[in-house]
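Thanks for coming, everyone. Let me put the model on the screen and walk you through it.

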Amino acid sequence: MTLEHYIAVGVMGVSEDNLLAVNAQVVRAADGAARSVAEIQSLVSDANDALAYILSHTSQNTATDAVTAADQIDQYNAAGVINVTEENLLAVNAQVRLTTETTDKDSVADLQALVVAADTALGVIETHAAGDAALDETHFEAVGVLGVT
């Protein structure tokens, strides 16, 4: 759905920043749980909560032992962020942590760009493994590897 669809039926709080997260919540809603303005309005709150949860909790994970990879990936999906996989999850979390300005990571588009940045950082490491690139501490931090000096 588009922003205009939500506005047309009187749902408030949907913006370009959270539109994809709201759409994700509507898709994830139980059958029949998104049929009224009140129900959809509640899903807007859920979408905003999902985005906030990524910043405050999910991105702080540096491993998958306390919170499984599947649960962390589901948290990104709940916010409408796609292409987070078991292979890039910790690098995505690292990118969110390394982005210091909240305004650079508080929308679905921002988070999606950080997924791309994580994949790019992983690509640099893979290129190094093939013997084609020199690495420094920042390359390791970009993929969530800590303690390299």
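Predicted model: local features only at pLDDT ≥ 70, side-chain atom pairs only at ≥ 80, totals over all residues.

Now the fold. The chain has seven helices and zero strands. Read from the N terminus, the order is α-α-α-α-α-α-α. Along its principal axes, the C-alpha trace spans about 55 × 30 × 25 Å. What about contacts along the chain? Take those between residues at least 6 apart in sequence: 54% of them join residues at least 24 apart.

Next, the core. The largest nonpolar core has 32 residues. Which of them touch the most other members? They are Tyr 6, Val 14, Tyr 76, Val 81, Val 84 and Leu 111. Several elements give two or more residues to this core: helix H1 (3-8), helix H2 (19-28), helix H3 (37-56), helix H4 (69-78), H5 and H6.

Let me pick two of those core residues. Start with Tyr 6. Leave aside its neighbours within four places in sequence. Tyr 6 is then in contact with Met 1, Val 11, Val 14, Leu 19, Val 22, Asn 23, Val 26 and Ile 40.

Now Val 81. Where does it lie? Val 81 sits in the loop between H4 and H5. Is Val 81 buried or exposed? Its relative accessibility is 0%, so Val 81 counts as buried. Again leaving aside neighbours within four places in sequence, Val 81 is in contact with Tyr 76, Val 108, Leu 111, Gln 112 and Val 115. One distance to note here: Val 81 and Val 67 are 14 residues apart in sequence, and 18 Å apart in space, C-alpha to C-alpha.

Last stop, a helix pair. Two packed helices are described by the angle between their axes and the distance between the axes. Helix H5 covers residues 89-98, and helix H6 covers residues 108-129. They pack at an angle of about 120 degrees, with their axes 8 Å apart. That angle makes H5 oblique to H6. The crossing of H5 past H6 is right-handed.

Who makes the contact? From H5 come Ala 91, Val 92, Gln 95 and Val 96. From H6 come Leu 111, Leu 114, Val 115, Ala 117, Ala 118, Ala 121 and Leu 122. What kinds of residues are these? Ten are nonpolar, one is polar and none is charged.

One link back before I stop. Leu 111 is part of this helix contact, and Leu 111 is also among the core residues that touch the most other members.

Notes: Residues numbered from 1 in each chain as written. Heavy atoms only, no water. Axes fitted to C-alpha atoms, helices over the stretch in contact; angles between N-to-C directions. Helix = DSSP H or I, 4+ residues; strand = E, 2+ residues; numbered from the N terminus. Parallel < 35°, antiparallel > 145°, perpendicular 65-115°, else oblique. Left-handed = near helix turned anticlockwise from the far one by under 90°. Contact = heavy atoms within 4.5 Å. Nonpolar A, V, L, I, M, F, W, Y, C, P; charged D, E, K, R; others polar. Core = buried A, V, L, I, M, F, W, Y, C linked by side-chain atoms within 4.5 Å. Buried < 20%, exposed > 50% of the residue type's maximum accessible area, 1.4 Å probe, protein only.
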